[in-house]
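Hi,

Here is the structure I promised to pass on, with my notes below it. Have a look at it first, then read on.

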Amino acid sequence: MHEFPITKLGGFNIDLSTWGAIIISAIITFLLARLAVRNLSVHNPGKLQNFMEWVVEFVHTTIASTMPLEKVKRYISLGLTLIIFIFVSNMLGLPFGIVFDFHHENEFLGITKEVLEQHHGAVHMAFWKSPTADLAVTAGLAITVIFLVHYLGLKENTKHYIKHYVEPFPVFLPLNIIKEISKPVTLALRLYANIFAGEVLISTILMLGWVGIPFLAVWQGFSIFVGAIQAFLFTILTMVYISQATIHHHEEEAH
Amino acid sequence: MDFVWESTVFAIAAFLILYWLLNKYAFGPLFSIMEQRRQLIQQQMSTAETSRKAAETSMEEQKAALEQARKEAYAIIEQARTTSTKQADEIVQSARNEASRLKDDALKDIESEKNKAIAALRTEVGGISVQIASKIIEKQVDEKSQEQLVDQYLKEVGSK
């Protein structure tokens, strides 16, 4: 498979393709949102404003399905950022790929002698991918979200939040801890695996050559669907976790 | 595929910055616009409700006014009918009275004329009778019959 360009900069490993993808996704997300609110109007909203308002309504409904209505408002921005950013990220790797073949050592891109030997003298470097096809990125998102969940739980629902670790009996403490750990792990892995698998299959189909075009079309269409579903899932699970941590009666499990 | 933890840190940072930027420059204004629209719609709905109530009230008022007018018209017609009946009765009554009065007058006139005529006739007949009688008496009364007649008169007078 492809290797990714990793630059060593002051002792840090900088994955250029991932960083670039994150930056591009963030910029696209921000531009999309800015364009939507460029000519805001109460009476005569533009097409993009209408679309963005639909997204807001959609996220509002989604969040409202997990928690009481009066609490929804605080989390709409978070839900919107999550769903748009993840969706844009998921789409980013779909339309094309940028792959270079390297036959020589390149210190800047992290192509060392060992790597070259490992790949028999020709390294395929992918510079373009979905940021969410990188476990490190989805882990970052999941960590952010889970940190927020526990912070909100501790701050707003202290007694019940702490108590829920020893419910229904203190014996369940390890199970509850495993449950809490599994939340970010599943969040990160689910998103990463879906998108990464999609991209792997795309590059596999590309190996077919011309014959693969119909398959590629079908698979890319399906990947758009998967990307949308995963963005939605990540958002709604985030809200479910927040709801579980901050709302008093959280005996029921949403798995 | 290695797990590059620097990417994780960068992803977290990028996400937080993106969240902050979007919240400040995109979603904030959008939410305020949506809130404004919500308020506008609420206001319009309450205005519509108010005007609907006002319309209902004025409708009720007009209905009441119409009902009142109808009642009044009915009363007026009824009154007119009563008045006209009464007037007609009066007219008929007065005509009847007038007629009977005229008839009575006529009867009286006839009576008085008849009496006058009878009186005149009587006077005439009296005169004529006297004349006839005097003529007869002048011609036919002889000494004897005159004496007889005077006696009879005297007798009659004396018996009274």
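How many residues of chain A are in contact with chain B, and how many of chain B with chain A? The count is 34 residues of chain A and 27 residues of chain B, where two residues are in contact if their C-beta atoms, placed from the backbone, lie within 7 Å. On the side of chain A that touches chain B, at least two residues come from each of β2, α1 (16-36), α2 (47-64), α3 (72-92) and α5 (135-156). By class, that side of chain A has 23 nonpolar, 7 polar and 4 charged residues. Here Ala, Val, Leu, Ile, Met, Phe, Trp, Tyr, Cys and Pro count as nonpolar, Asp, Glu, Lys and Arg as charged, and the others, Gly among them, as polar.

Some housekeeping before the details. This is a predicted model, in which local features need pLDDT of at least 70 and side-chain atom pairs count only at pLDDT 80 or more, while totals for chains, interfaces and linings use all residues. Residues are numbered from 1 along each chain as its sequence is written, and chains are lettered from A and ligands numbered from 1 in the order in which they are written.

Chain A

Chain A has 8 helices and 4 strands; helices (H or I, at least four residues) and strands (E, at least two) are DSSP runs, numbered from the N terminus. Along the sequence, the pattern reads β-β-α-α-α-β-α-β-α-α-α-α. The C-alpha atoms of chain A fill a box of roughly 60 × 55 × 40 Å along the principal axes.

Strands β1 (residues 6-9) and β2 (residues 12-15) of chain A run antiparallel and are joined by 4 bridges; strands pair if DSSP finds at least two bridges between them.

Chain B

Chain B has 2 helices and 0 strands. Its radius of gyration is 63 Å, well over the 15 Å that the globule rule gives for 160 residues, so chain B is more spread out than a compact globule. That radius is taken over C-alpha atoms, and the rule is 2.2 Å times the number of residues to the power 0.38. The C-alpha atoms of chain B fill a box of roughly 200 × 30 × 25 Å along the principal axes, and buried residues make up 8% of the chain.

The largest nonpolar core has 62 residues, and Ile22(A), Ile83(A), Phe85(A) and Ala11(B) have the most contacts inside it. Such a core is a set of buried Ala, Val, Leu, Ile, Met, Phe, Trp, Tyr and Cys residues joined through C-beta atoms within 7 Å. Its largest share, 13 residues, comes from α3(A). Leaving aside neighbours within four places in sequence, Ala11(B) is in contact with Ile22(A), Pro131(A), Ala136(A), Val137(A), Gly140(A) and Leu141(A).

Best wishes

Definitions and conventions. A residue is buried if 20 or more other C-beta atoms lie within 10 Å of its own, exposed if 12 or fewer, and partly exposed in between; C-beta atoms are placed from the backbone.
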